[in-house]
Amino acid sequence: MACRICVILLLSRQAQCIVFEEIFQWCNVASNKCRGQLQGLRIDGSWPTASGFEGPGFSYPVDWDGDGVMDIVHAKTQFSPADVDEDVLDTRAVLHFLSGNATLSDQNNSPEGVQVPLGFIDFADWAGNGRPGLICCRQSLGMTELVWLQQDLLHGARSCDDSAAELLLTVGPNTSACQAPRAADFDKDGDLDLILAEPGAVYFLERLPSGDLAQKQLLLEVDARIYTSAEAADWNGDGLPDLIIGTEKGFMYFERLHSGGFYQRRGSDAPEALTHQMFGDEGFLSHGPFAVARVVDWDGDGALDVVLCQRDGVFPKSDHCLLHRRAAAWRSDPVDSSSNPFAFLTQQPIEQAFVVDWDSQYGSDLLLRVQPEDALQLFLRLPDGHLSTNPEIVPHPCGNGIEVIKDWDGNGRADLLCNKWGELHLWRQLPNGTFAGPTLLYAEAVGGETLSDIADWDGDGLMDMLLSNGQVALQRANLSWEMDPHVDLENFSTFEQAVVWSNVPQVYPSELKIVDWDRDGVLDVVAIDHFGSGTDWAITPIIRGSDSTMKASEKIEFTYSPLLPPAWPRGMQLVDWDGDGFAELLALRREPGPFFTASIEMWSSGCLPASACTLNGACHAATSECKCYAGYSAVDCSRCAAGYYTDLTLTCRACAGFGGSNVCAGRGACYDDHAAQEAGLRTGNGSCACYDPNFGGEDEHGLSTCQLGTCSVGYVEVGGHCVLDQLYLIMASIFAVSLLALFLLPPCVLGWAVPIEDICLDGGVLVVTTATPHYILQRPWVRPMLRCVGTGHPVVADSKTFVAKPVGSHPNHLVLMSGTAACTEKADASCGFLQLSRPRAALCTGYILPFGVLWAALLVTAMAVHAFFEISVTHTLTSLGGAATVSALIHLWLQHRVRTPLAMRLAEFSQEIACAIPEPQASPRGAARAISITQLLSFYEKFHVFIRDRNMYYVVTNLLKPLTSPARLSYADLVGPGEVRWFVSHFWGHVFRDLVSSLQHHCSWSGGDLGSMSRYWICSFSNNQWAVAEELGTDCETSSFFLAIKSPTCQGTVMVLDAEVQPLSRSWCLFEVLQTRFLSSERADNFRGLVFSTSSGILG
């Protein structure tokens, strides 16, 4: 039978002698720098559990009582004869604590029955009540579960299999997937998360606000089968949680990178205690070894320490816990020549060395005062961080009395503080590099003490002075050029004691330097002095507290080689040479030989890790910042740069289509690591998403490169994107406009029909007014020949050809000419078209140039643009179709839009007639088609502007026929016919205005009214002008004239006479007079005979 007894040890921090048995040094990188600080882990041999517990068992570091001190839970185990872990049974335990004399004793009021199961466990305050419970794995119904038991249940002898245990996670059927659970606030959100391991990998499970655990996320892959512990802590102090993993092969230290991944530190980059095999030579964990690491600030110094509990072999080996305390460390020897930036300064007559940023570039520079001329040699820092080997000579006025070279007045230029016969003088550097002064700071040394260093001690922006006796003179007023040069100590306030020498034994007198030693933002003092035989020396940091008290810390001792003479304190400098935040000690070493020479040695607590910049970059010598190699980024070069992805070898590889500076040929977006991480993935695949679908191509890995393809026609590539080609767009527009003009101009080139607005005699010549511009050039290239079509006037009949002459600059007026003389014959018309001769129209019409020439120029332009700028077939066809369609629409619109004033008046009058008589009907020929005098007057009033002094020929052709054209009826049928009362006999050549006036006089004479009773049969209004042959009949007695005059309702005939009595010369008028004579004999009782009427009145 085997049993296990659990003992809980409570440890305290009571004062006791500390014995350090072994130290492990490593280079710790804590900031965003590539250089780190040398640190050490030292085993505290006086720790109570270092010698081991009585009997074999398992120990777990845990703050059991919540006092902030790491305690130890020890499970003391008894064995069955088999001596294997599987035969160990759980039993009740006794609670113990560590007393002040470092002995183990029982705690009388300790509860009994605390159970610690064998296997993968962690103690954690999961409930957040200040009382840690137990997290462990168990088997339930074939599934592996992770559960938590609160502390009260542990005291009640409950185990992980108890039903009261809270289920945290169902891991799965695989028991090996639940190893080394660790509760820690990994994401720094204030609540405990969970770290869990399984063979080959370590996972992170975030604790959600609901208290549940999120899906596991892979933290790192580990070549391990069995895990003993997992610890998450910011071990290197960079603000990111690191991991310390215990496996069957030992401990492994993984540093969290800025990329989010982890990097295993080995060798000098990690403490040996966390990286070497801890288990001896007796086999792997399955045969007995066991180890747990927990990180804690044991001594409260702000640096994390580590507690390691381990068992070194199979049962019945005992276990023990060791406290490894951390402290900064300095190398006892100077850096070697390969790392010493001043190694090239050999056999130099160096008297003094000063480090100052002289030119405000690339970091600190080096100034040497050399003998015998006391000149300053300036070695400037180069861009790569190294010193120039060719010094510049800086003249100065101080001789050998330079005390300090620093920026006294805060203007960015280094000034000189010089001692001359006990007086301290200030020489200010001017912008041109010369020095102005001196300004006396004090007339004699204070109490015989000299100046050691200057700095803004009290933070008021003014430089203060540290004297050799440890006093600081605080400046009260900024010295200026105008001040009295004999100013004494009144420039400084009372002296403040910075160093209490009684607390710093074996140091005074020393060289004192001001530096922020502990990097807390407050200036401290460092004392440098020899001791012992004189070849040894030490630096003693004197730390300034928040209450301004000064306290000496541990002295750091150095030993020179006895073959070389030592450095002297006045030749020492404390500076952060490499920009890593840690001070280096520079010392002038006197060299033996016939001449007085010296070299510069450097000591440093800083270090360059072997895996600096994760081996993906170089550490800059002046800034200690990583200069990443191509393809890497982040302050530690741990992340693939934009345009790079992590391949199968974990190397950052350029995305497909890499062309020197651009990936994806600059024509797409790479699915790199940045894009993948934004999508919640770890790495990208390096393929390209092209900016344009025309781009493509693949490399040998099948990744899209975007190297092939070109932009579509009309687009140009700009920055990898296909954007509209502005020049192509302009040229394509010119091509389209040219095509449109080519489609619009043919009617002009071929001689289109120009609508006639009016033809009349004007000034004795026949003038044609067109409804649209005729575009006949003032100086045509050929004589413009045209015909008047559709006018209905014999003078300008369709068959006659005229020469057109534009009237001045008026675009709508033409003079018709017959040959070289203007036409003077009257020809009134307000309808028809001017038809230009087609062979001539191309050269006689135009705008500045003939339309034919313009059309040819446009054709040449379109062809040239199409050929030179390679207008695509698609754009060509689109332009052709669009131009044809648009030009057709324009022509249709122009035809619809071009209406003469007469046409608009006709449409208006037709609308009025249609409103009065919507559906006119044809009446019988003859007497039934008379119109009233009112209808006649209405007609005349509507069109008198156009009729003017024109005759019935004009009225019939230009007015009556257009009005009756839609219905193909007589005008009388259109406006409402009536039975004839008076038959009108007249001559069509008579002025129509006189006809209207004559009938008005007749109406008054006959006693008629303006209504339907005074109806007149006028042939042009009463006959259907669209059926003239039918109106004339087969002979005279079947004509409409005869029918009307013979009608019983006809009361007589009105003959309208002009001054020349032309109706009597017309055969139809004579026929009408004859018929009137016959009717006068036949119907003497109701027929009034023939009446002559003129525009002046009735004759007779």
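**Notes on a sheet and the cavities**

1. I195 stands opposite F204 in β15. The model is predicted. Strand β14 covers residues 193–198, and β15 covers residues 201–205. The two strands pair in the antiparallel sense, over five bridges.

2. Which strands make up the open sheet, and in what order? There are four, running β13-β14-β15-β16, with antiparallel pairing. The edges belong to β13 and β16 (217–221). Each has a single partner strand, so one side of each is left without a neighbour in the sheet. From one strand to the next, the twist averages 20 degrees.

3. Strands of a sheet pair through backbone hydrogen bonds. That pairing may be parallel or antiparallel.

4. Now the cavities. The structure holds six of 30 Å³ or more. The largest cavity contains about 150 Å³ of space. Its lining has 20 residues, and the closest to its centre are V29, K33, E255, R265 and D636. By class, that lining has eight nonpolar, six polar and six charged residues.

5. The second largest cavity has a volume of about 60 Å³. It is lined by 11 residues; Y60, I121, T228, S229 and V292 are the closest to its centre. Which elements give two or more residues to this lining? They are β13 (179–184), β17 (227–233) and β21 (290–296). Strand β21 gives the largest share, three residues.

6. What classes of residue line the second largest cavity? Seven are nonpolar, three are polar and one is charged.

Note on methods. Residues numbered from 1 in each chain as written. Predicted model: local features only at pLDDT ≥ 70, side-chain atom pairs only at ≥ 80, totals over all residues. Heavy atoms only, no water. 1 Å grid on protein atoms, 1.4 Å probe; cavity = no way out; pocket = protein on both sides within 12 Å on 5 of 7 lines; lining within 4 Å. Points joined across faces, edges and corners; volume = space filled by probe spheres on them. Nonpolar A, V, L, I, M, F, W, Y, C, P; charged D, E, K, R; others polar. Pairing = 2+ DSSP bridges. Axes fitted to C-alpha atoms, helices over the stretch in contact; angles between N-to-C directions.
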